[in-house]
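Here's a quick briefing for anyone meeting this structure for the first time. Take a look at the sequence and the fold, then read on.

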Amino acid sequence: MDALDLLYSALSRGKIIYIGAESIVYLSKLFNRNVIVKRRIRKTYVHPSLMDELIYQRTRKESRALVKSLENNICVPKPLFVLLSKGVIIMEYLRGRRLYEVLEELETNSNPGFSFAENLFCSIGSLLGGLHSLGIVHGDFSAGNIILGDKGPCIIDFGLSDFREDAESRALDLHVLNRSLNALYPSITKMFWDKLVQCYLEKIRDYRVLGKLEDMMLRGRYVEERRYKNGFYNKQ
Ligand SMILES: Nc1ncnc2c1ncn2[C@@H]1O[C@H](COP(=O)(O)OP(=O)(O)O)[C@@H](O)[C@H]1O
Ligand SMILES: [Mg+2]
């Protein structure tokens, strides 16, 4: 079986589990293992050769970040097969629950497992700190891109990742996470956010990030307040 046969076999037996703006994700089987096939979508409004380049670059970034993370024990799905020109990555299927579901339960539970939630937030902070220590920033570190497996949280969706070490890009990963958590689970996020940042810093000790994050949060709050005062929300 050559590479293309392998790809077609995985695609034809797969069932679609997600259709996003960027990609279609299939759950399939390869050599009797559950695998995820992620295939980037071509957009018709982008010039074809530019689209080819974008798909190629994003798939390359995603697979490189996956390989480097894996080599350094950051929990990510193991890439099994990559076809850059077609924008396809076949990777290990991560069993587990999405972070959203877990937080939903914690938020609605009147007696949330305090230490469970605290450990969860801490482990997410350590995970991101570990990723940043490798010189990788994720680029879309929202709660939807974290899967909670048996051994703790794992990260998926590295299409917007980059090899960078500046404080601003690092703070942005934290900021995106904070916004995505706060929007849906404000009380639990308020309770444990500091723990997440503390565990992040224990891993990477890049204190420049704190100042940048603070700026981003303040700017975000300022925009929200202006919108509120100007009646932006009443017009929706
Ligand atoms: N390796 C994986 N294991 C399990 N589920 C996955 C895996 N990769 C993707 N998924 C599922 O597919 C969804 C979309 O994948 P993702 O890589 O985030 O695509 P997009 O870039 O379009 O957001 C995820 O939210 C998750 O539910
Ligand atoms: Mg995603």
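In helix α4, Ala 117, Glu 118, Phe 121, Cys 122, Ile 124, Gly 125, Ser 126, Leu 128, Gly 129, Gly 130, His 132 and Ser 133 meet a set of residues in α6 that includes Ile 188, Phe 192, Leu 196 and Tyr 200. Contact here takes C-beta atoms, placed from the backbone, within 7 Å; helices (H or I, at least four residues) and strands (E, at least two) are DSSP runs, numbered from the N terminus.

This is a predicted model, where local features need pLDDT of at least 70, side-chain atom pairs count only at pLDDT 80 or more, and totals for chains, interfaces and linings use all residues. Residues are numbered from 1 along each chain as its sequence is written, while chains are lettered from A and ligands numbered from 1 in the order in which they are written.

**The α4 and α6 pair**
- The axes of α4 (residues 114-133) and α6 (residues 186-204) come within 7 Å and cross at roughly 35 degrees (axes are lines fitted to C-alpha atoms, for helices over the stretch in contact, with angles from 0 to 180 degrees between N-to-C directions).

**The sheet**
- Five strands make an open sheet, ordered β1-β2-β3-β5-β4, with antiparallel pairing (strands pair if DSSP finds at least two bridges between them).
- β1 and β4 (79-83) are at the edges with a single partner strand each, so one side of each has no neighbour in the sheet.
- β1 and β2 pair over four bridges, and Ile 19 sits opposite Ile 24 in β2.
- Helix α1 (residues 3-13) lies across β2, β3, β4 and β5 (88-92), at about 100 degrees to β2.
- Helix α2 (residues 48-71) lies across β3, β4 and β5, at about 160 degrees to β4.

**The two domains**
- The chain is assigned domain 1 (3-92) and domain 2 (97-229), with bounds from an automatic or database domain assignment.
- Their centres, taken over C-alpha atoms, are 25 Å apart.
- Where they touch, 13 residues of domain 1 are in contact with 16 residues of domain 2.

**Around ligand 1**
- Ligand 1 has 19 residues around it, and the closest are Gly 20, Val 25, Pro 77, Leu 94 and Asp 157 (a residue is near if its C-beta atom, placed from the backbone, lies within 6 Å).
- β1 (15-19), β2 (23-30) and β3 (33-40) each supply at least two residues of this shell.
- Both domain 1 and domain 2 give residues to the shell, so ligand 1 lies between them.

Technical notes
Contact = placed C-beta atoms within 7 Å.
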